[in-house]
Amino acid sequence: MDLKELEDIEHSQEEREDFSGEKVKPIIVFYPKNEEDVVRIVKFAKQNKIPVIAWGSGTSLTGAVSCNGNCILIDFSKMNKILEINEIDWYVRVQPGIKLIDLFEELERKGFMLPPDPASFFLCSVGGAVAESSGGMKGVRYGSFREWVLALRVVLPSGEVVKVGEPLRKNRAGYDLVHLFVGSEGTLGIITEIWLRIIPIPKRKMVTIAALLKDFESAADVIIGLRKNRILPELSEYVDADVVRALNKHLNAGLKETEGGMLLISIEEDMVNDVLKVLEGKTVDVMIAEGEEANKLYSLRAQAAIAVKAESKNVFYAEDIVVPISKLPEAIRKLKEIAAKYNTKFYVISHIGDGNLHPNIIIEDKEARERAFEEIARMAIEMGGSVSGEHGIGTQKAKLMAEQIIKHNGRTVLDLMYEIKKLIDPDNIMNPGKYVELAYKYYKEFSSQTIEIK
Ligand SMILES: Cc1cc2nc3c(=O)[nH]c(=O)nc-3n(C[C@H](O)[C@H](O)[C@H](O)COP(=O)(O)OP(=O)(O)OC[C@H]3O[C@@H](n4cnc5c(N)ncnc54)[C@H](O)[C@@H]3O)c2cc1C
């Protein structure tokens, strides 16, 4: 292998770590300036059968960018431009390396918004968010990235470039390849350009209700109450009492500490009373914030994972389970039982309005930490839920993903996914050893066992 033919592309030799502490040890890191550079890197990787991993910002919580000494890392920080904001067709076209926060700010200046807002928006890249189909705090009303991507340019493992989709509100031409690449975690191709739907910033005044709850269970009761009353907030986010304490301790948040944690609900001003009615009897205190005060609460919620990481001294597993909303009370009860069994606390951060819970497991002993992680994920599978709502699979949840798919969808579905991976990436150079490929390996291991398909 002679890397000389790529030496005109900016590069470095360095090791990194993703947010979850997974090691990233590439042979070389390239910083392409354009799609042509990416094509050359991928063609070189194909010829030499070297794995290629795209790096957005490395905020992955699942080992999705991990590499153990044998990969080329493509760092997209130099491909970070907004190429077009179309104010009539309402889309934005960007390079993948742009930071989500920079895109948000530019769109806001033009009166537009891109709603999906992963709590890492101030760190992560748009390419990473698309490749993970990230969700976010406003997901309860607006969904995750999957719902906002219109089209993509992708460098396939062969080095060929395709454009999939169209920047149109409606398009029924052919199989939906856009959404095959969205959430594919860099295992099918490298995204070099992205068209995203945008909408005007709503004009109605929003307020944020900060409800200090009696207990964790009340959070589920409130969400169910909102749904029974046909109330769809823009934000319904929960942090438990330990996360509030961690925010105060590590980020000087100045939040009031109560045993039930804090639920944030953002809603149009004229619906505040409807929400307050639902909250009756479930809180110890309620504050209504707007403007700067509401922004501060939103920003603290976004930084909750940073506070938990500081509290854990960098050793934590972030769960990402989803349960049907109707099962939230049961899930919370069982989570508490599991925490008691492991004699620990779970530092729960949650997009609770989506049924998406992030118990953060801070148990020093690795084996026990893994056992607790699997137990919680299996609880979600049993409830008809998912092992991942938004963080994705990476290496961390491949086994659990296989279990979920086999139980809920059947073996043929996992076979189909693996066939797609093989078809598009026959040499297995795109982020190998993770996600569908790894799930399939696990599935092969336990395929002799009898598994019930619902
Ligand atoms: C503090 C914090 C809060 C978070 N909150 C949320 C949240 O609310 N919701 C949520 O969904 N996630 C959340 N996450 C997880 C993570 O931030 C998101 O998944 C994020 O969008 C990943 O972006 P990134 O640029 O860091 O991608 P990376 O971590 O660099 O990469 C993630 C995956 O995308 C692939 N990839 C990156 N760029 C490309 C490309 N151009 N082409 C193909 N593949 C590519 C990588 O290879 C990898 O598989 C959070 C993480 C942190 C640290």
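Reader: Into which domains is the chain divided?

Author: In this predicted model, the chain is divided into domain 1 (3-77), domain 2 (79-200), domain 3 (206-382) and domain 4 (398-446). These bounds come from an automatic or database domain assignment.

Reader: What makes the meeting of domain 2 and domain 4 a contact?

Author: Contact requires heavy atoms within 4.5 Å. Under that rule, 12 residues from domain 2 and 8 residues from domain 4 take part. The C-alpha centres of these two domains lie 25 Å apart.

Reader: How much area do domain 2 and domain 4 bury between them?

Author: They bury about 890 Å², with 72% of it on carbon and sulfur atoms. By class, the side of domain 2 that touches domain 4 has 6 nonpolar, 5 polar and 1 charged residues.

Reader: How many salt bridges and how many polar contacts does the rule find across this interface?

Author: A salt bridge needs a side-chain nitrogen of Lys or Arg within 4 Å of a carboxyl oxygen of Asp or Glu, and the rule finds 0 across the interface of domain 2 and domain 4. For polar contact, the rule finds 3 residue pairs there.

Reader: Why are β1 and β5 said to stand at the edges of their sheet?

Author: The open sheet has 4 strands in the order β1-β4-β7-β5, with mixed pairing. β1 (11-12) and β5 (52-55) each have a single partner strand, so one side of each is left without a neighbour in the sheet.

Reader: How do you know that β1 and β4 pair?

Author: Pairing requires at least two bridges. β1 and β4 (residues 28-30) have 2 bridges, in the antiparallel sense, so by the definition they pair. Histidine 11 has phenylalanine 30 as its bridge partner in β4.

Note on methods. Residues are numbered from 1 along each chain as its sequence is written. This is a predicted model: local features need pLDDT of at least 70, side-chain atom pairs count only at pLDDT 80 or more; totals for chains, interfaces and linings use all residues. Side-chain values use heavy atoms; hydrogens and water are left out. Buried area is the accessible area (1.4 Å probe) that two parts lose on being put together, summed over both. A polar contact is a pair of N or O atoms within 3.5 Å; within protein, one must be able to donate a hydrogen and the other to accept it, and residues adjacent in sequence count only if both atoms are side-chain atoms. Ala, Val, Leu, Ile, Met, Phe, Trp, Tyr, Cys and Pro count as nonpolar, Asp, Glu, Lys and Arg as charged, and the others, Gly among them, as polar.
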